[in-house]
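Please read the following report alongside the sequence and the coordinates. It takes up a few selected sites and one ligand in turn.

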Amino acid sequence: GTPTALMVGSGMGAEKGILIRNGEAIQTFKEVKAIAFDKTGTITKGKPEVTDIVLVNDVKDQDILYFAGSIENGSEHPLAHAIVEKAKNQNIRFGEVEQFNAVVGMGVEGRVDGEIVLVGNRRLMKEKNIPYEEYENELIRLEEEAKTAMLIARGEHLLGIIAVADPIKEDSARAIALLESMGIKTAMITGDNKRTAAAIGKMVGITHVISEVLPDGKVEEVERLQKKYGTVAMVGDGINDAPALKQANVGIAIGTGTDIAIEAADVTLVRGELTGIISAIKLSRSIFTKIK
Ligand code: ADP
Ligand code: MG
């Protein structure tokens, strides 16, 4: 009967690094028509590193890393960790931070030694009236290299750009190709900008790229995919992904991700390898053709 099959399924899953929290998921997997992936920490390793620093006029490397690092020291975002690491490697000691504030989907702001400092995307600079348009070509160049470019402002002026690259997981492209060959559509949902998202999408073979999505918007995007395709799985690792994991017919968390995502999901990919999804689908298809 089904309970035995589910137990067998769970055992086989555990062997392949798939932890099943909700037994129903094993049944649902075989119905999945489309899978949506978060970008950072799901398709990529979630360990961005600083690759480029573009400075305005006579600003120094040390200055931009001091101000950006001081503010980002208060943020949990992977982008923040990259900047803080870079600053620490250069033996920069951070300043006194007040009024720290994370601006959802845009970046961070606060005062460093009393001066207002902003670190974030174009949206943030527009909102705070910091001119950056002169650097648009630099931003585009970096983004087309699949990098995330952050603008740094001190007071009313731009200090420059810090760009980071987040390496793609070894098996992401293979997982996407296998899913597509099984007739399953793939999509990526990210808060990152459209060019970076498109570049990453191209590198792993995802054509349907949904970018510049605010944290609350991921649920809506999953709903849209459900209307279009029917049964949809969502894969993610972040706190922001949790509501979308719940909305999906199968929520899949990355084992190395946040506890909130893991608790919201039906299954966990323990080692974070996306090819685990293929094992789960094959398992589901085989179990439910055997028992009738
Ligand atoms: P994601 O998890 O896909 O990166 P977020 O909503 O967390 O989505 O972030 C969207 C965008 O907001 C980032 O790509 C970045 O441009 C900006 N951002 C968010 N947090 C920070 C931060 N701590 N420092 C700089 N920029 C940030
Ligand atoms: Mg993520």
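## A buried arginine

Arg-122 is buried, with a relative accessible area of 17%, where buried means under 20% relative accessible area, exposed over 50% and partly exposed in between, computed with a 1.4 Å probe on the protein chains only. The residue belongs to helix H6, which covers residues 122-127; helices (H or I, at least four residues) and strands (E, at least two) are DSSP runs numbered from the N terminus. Leaving out residues up to four places away in sequence, Arg-122 touches Tyr-132, Glu-136, Leu-139, Ile-140, Glu-143, Leu-151 and Arg-195, contact being defined as heavy atoms within 4.5 Å.

## Basis of the model

This is a predicted model, in which local features need pLDDT of at least 70 and side-chain atom pairs count only at pLDDT 80 or more, while totals for chains, interfaces and linings use all residues. Residues are numbered from 1 along each chain as its sequence is written, chains are lettered from A and ligands numbered from 1 in the order in which they are written, and side-chain values use heavy atoms, with hydrogens and water left out.

Which residues come nearest to ligand 1? Of the 17 residues around ligand 1, they are Glu-72, Ser-75, His-77, Gly-105 and Gly-191, a residue being counted as near if one of its heavy atoms lies within 4 Å of the molecule. The residues of this shell divide into 6 nonpolar, 9 polar and 2 charged; in this grouping Ala, Val, Leu, Ile, Met, Phe, Trp, Tyr, Cys and Pro count as nonpolar, Asp, Glu, Lys and Arg as charged, and the others, Gly among them, as polar. Strand E5 (107-112) and strand E6 (115-120) each supply at least two residues of the shell.

Several side chains make polar contacts with the ligand, a polar contact being a pair of N or O atoms within 3.5 Å (within protein, one must be able to donate a hydrogen and the other to accept it, and residues adjacent in sequence count only if both atoms are side-chain atoms). A nitrogen atom of ligand 1 is 2.5 Å from an N or O atom in the side chain of Glu-72, an oxygen atom of the ligand is 2.7 Å from an N or O atom in the side chain of His-77, and a polar side-chain atom of Asp-192 lies 3.4 Å from an oxygen atom of ligand 1. The protein covers 90% of the 550 Å² of accessible area that ligand 1 has on its own, with areas taken from the Shrake-Rupley method with a 1.4 Å probe, where for residues only the protein chains shown count as cover.

## Val-213 and its loop

Val-213 lies in the loop between strand E10 (208-210) and helix H10 (217-229), and at 10% relative accessibility it counts as buried. Beyond residues up to four places away in sequence, Val-213 touches Ile-189, Thr-190, Gly-191, Lys-218 and Glu-221. Its C-alpha atom is separated by 11 Å from that of Met-106, 107 residues apart along the chain.

## Two asparagines with positive phi

Asn-57 has a positive phi of about 35° although it is not a glycine; this residue is found in the loop between strand E3 (49-55) and helix H4 (61-72) and is exposed, with a relative accessible area of 72%. Asn-91, also not a glycine, has a positive phi of about 60°. Asn-91 sits in the loop between helix H5 (78-89) and strand E4 (97-103), and at 66% relative accessibility it counts as exposed.

## An aromatic pair

The structure holds 1 aromatic pair, formed by Tyr-66 and Phe-67 in an edge-to-face arrangement, 5.0 Å centre to centre with 85° between the planes. Rings of Phe, Tyr and Trp (its six-membered ring) pair if their centres lie within 6.5 Å, and planes under 30 degrees apart count as stacked, over 60 as edge-to-face and the rest as tilted. Both Tyr-66 and Phe-67 are buried.

Pro-243, which lies in helix H11 (residues 242-247), counts as partly exposed at 42% relative accessibility.
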